[in-house]
Amino acid sequence: SLPSNAKLLAVGSSMDEFDIPKLQEQKPNVIFVSPGPTKESLAELVTALEPHGLQWIHTRSAGIDAIYSETLANSSDKIVLTNAKGAFSSTLAEYTMLACGYFAKDLPRLLKNKKHKDWN
């Protein structure tokens with residue numbers, strides 16, 4: 001769960017979109033990463049905020065390879081790095097079953113037959 005004092009302070013995908021001095025003053029403890037920012041942007045943000053109380057980095061993706069950098073590898077052991085592994089599992093399973101049925105039952109043929117009122 002989120003630390004009790006977590007709050008949204010900024011949203012952006014490049015360093016130009018962040019007011020670093022203001023963020024440092026506010027002492028954010030969480031970075032929530034959506035797909036898009038580069039490893040370099042996140043590394044710069046971590047470097048700027050780690051000394052000011054950064055505790056947790058969470059990415060919405062299932063893996064961390066898109067955001068992992070030397071900066072993260074060398075950051076404090078106090079920073080927890082988590083991801084959304086498993087968050088999309090049921091959706092992917094449903095899609096897989098749908099795709100299996102689509103191909104097994106030749107859905108395009110069935111739709112064409114329906115359009116022509118051919119029930120064979």
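I started at L45. Leaving aside neighbours within four places in sequence, I found L45 in contact with M15, F18, I20, L23 and I31; contact means heavy atoms within 4.5 Å.

A note on ground rules before going further. This is a predicted model, in which local features need pLDDT of at least 70 and side-chain atom pairs count only at pLDDT 80 or more, while totals for chains, interfaces and linings use all residues. Residues are numbered from 1 along each chain as its sequence is written, and side-chain values use heavy atoms, with hydrogens and water left out.

Next I looked up the core. The largest nonpolar core has 16 residues, and L45 is among those with the most contacts inside it, along with I20, I31, L42, V46 and I57. Such a core is a set of buried Ala, Val, Leu, Ile, Met, Phe, Trp, Tyr and Cys residues joined through side-chain atoms within 4.5 Å; buried means under 20% relative accessible area with a 1.4 Å probe, protein chains only. Helix 1 (20-26), strand 1 and helix 2 each supply at least two residues of this core. Helix 2 gives the largest share, five residues.

Three strands form an open sheet in the order 1-2-3, with parallel pairing. Its edge strands, each pairing on one side only, are strand 1 (30-33) and strand 3 (80-82). Neighbouring strands are turned by 10° against each other on average, direction ignored. I counted pairing as at least two DSSP bridges between two strands; strand 1 and strand 2 (residues 56-59) have four, in the parallel sense. Within that pair, V30 stands opposite W56. Helix 2 (residues 39-49) packs on the sheet, touching strand 1 and strand 2, and its direction makes about 170° with that of strand 1. For angles, axes are lines fitted to C-alpha atoms, for helices over the stretch in contact, and run from 0 to 180 degrees between N-to-C directions.

Last, the whole chain. From the N terminus on, the elements run α-β-α-β-α-β-α-α; helices (H or I, at least four residues) and strands (E, at least two) are DSSP runs. The radius of gyration is 22 Å, well over the 14 Å that the globule rule gives for 120 residues, so the protein is more spread out than a compact globule. That radius is taken over C-alpha atoms, and the rule is 2.2 Å times the number of residues to the power 0.38. The C-alpha atoms fill a box of roughly 70 × 30 × 25 Å along the principal axes. Of the 120 residues, 22% count as buried.

Terms used. Buried means under 20% relative accessible area, exposed over 50%, partly exposed in between (1.4 Å probe, protein chains only).
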